[in-house]
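These are my notebook entries on one structure. I record here what I looked up, residue by residue and then for the chain as a whole.

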Amino acid sequence: MGETYYALIQAHAGLVWAYDDVATCLGQGVYLGVPRLDQQQPPGTYWVIPPRYEGDLCAPRSIIALIEAGQARQRAASEREGSHR
């Protein structure tokens, strides 16, 4: 579909994560390498939006909004494809 996108959230948010079917929440025991703060474009792993300070994490509600917007966009695209048949 596209490139892999990771959003860093507080660990406790993953305990009640309801979107594992479309956006897996990595849990304890999983290690994720992160790029240098100045790495903001390819090649390699890079920050779409770099952290503002050490420990800066995404708000889970923002990630949920991103997921829901993506799902709505996919539904709209599917409906357009279906109407062109």
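I looked up aspartate 56 and found that its side chain reaches the backbone nitrogen of arginine 52 at 2.8 Å. I used the polar-contact criterion: a pair of N or O atoms within 3.5 Å, where, within protein, one must be able to donate a hydrogen and the other to accept it, and residues adjacent in sequence count only if both atoms are side-chain atoms. Aspartate 56 is found in the segment before helix 1; I took helices (H or I, at least four residues) and strands (E, at least two) as DSSP runs, numbered from the N terminus. At 14% relative accessibility, aspartate 56 counts as buried. My classes were buried for under 20% relative accessible area, exposed for over 50%, and partly exposed in between (1.4 Å probe, protein chains only).

I note the basis of these entries: the model is predicted, local features need pLDDT of at least 70, side-chain atom pairs count only at pLDDT 80 or more, and totals for chains, interfaces and linings use all residues. Residues are numbered from 1 along each chain as its sequence is written, and side-chain values use heavy atoms, with hydrogens and water left out.

I turned next to glutamine 39. What does its side chain reach at 2.8 Å? I found the backbone oxygen of glutamine 41 at that distance from the side chain of glutamine 39. Glutamine 39 is buried, with a relative accessible area of 19%, and is placed in the segment before helix 1, which covers 60-83. Leaving aside neighbours within four places in sequence, I list Thr45, Tyr46 and Trp47 in contact with glutamine 39; contact means heavy atoms within 4.5 Å.

I then checked a peptide bond. Is the bond from proline 42 to proline 43 cis or trans? I recorded it as cis, with omega near 10 degrees. For comparison, most peptide bonds are trans. Proline 43 has its place in the segment before helix 1.

Proline 50 was my next entry, and it also lies in the segment before helix 1. Its relative accessible area is 25%, so I class proline 50 as partly exposed. Beyond the neighbours within four places in sequence, proline 50 is in contact with Leu37 and Gln40. From proline 50 to glutamine 71 I read 25 Å in space, C-alpha to C-alpha, for 21 residues in sequence.

For alanine 7, in the segment before helix 1, I read a separation of 53 residues from proline 60 in sequence and 8.9 Å in space, C-alpha to C-alpha. Alanine 7 is partly exposed at 28% relative accessible area. Setting aside neighbours within four places in sequence, alanine 7 is in contact with Cys58 and Ile63.

Finally I looked at the protein chain as a whole. How many helices and strands does it have? I counted 1 helix and 0 strands. The radius of gyration is 16 Å, well over the 12 Å that the globule rule gives for 85 residues, so the chain is more spread out than a compact globule. I took this radius over C-alpha atoms, and the rule is 2.2 Å times the number of residues to the power 0.38. The C-alpha trace spans about 50 × 35 × 20 Å along its principal axes. Buried residues make up 12% of the 85 residues.
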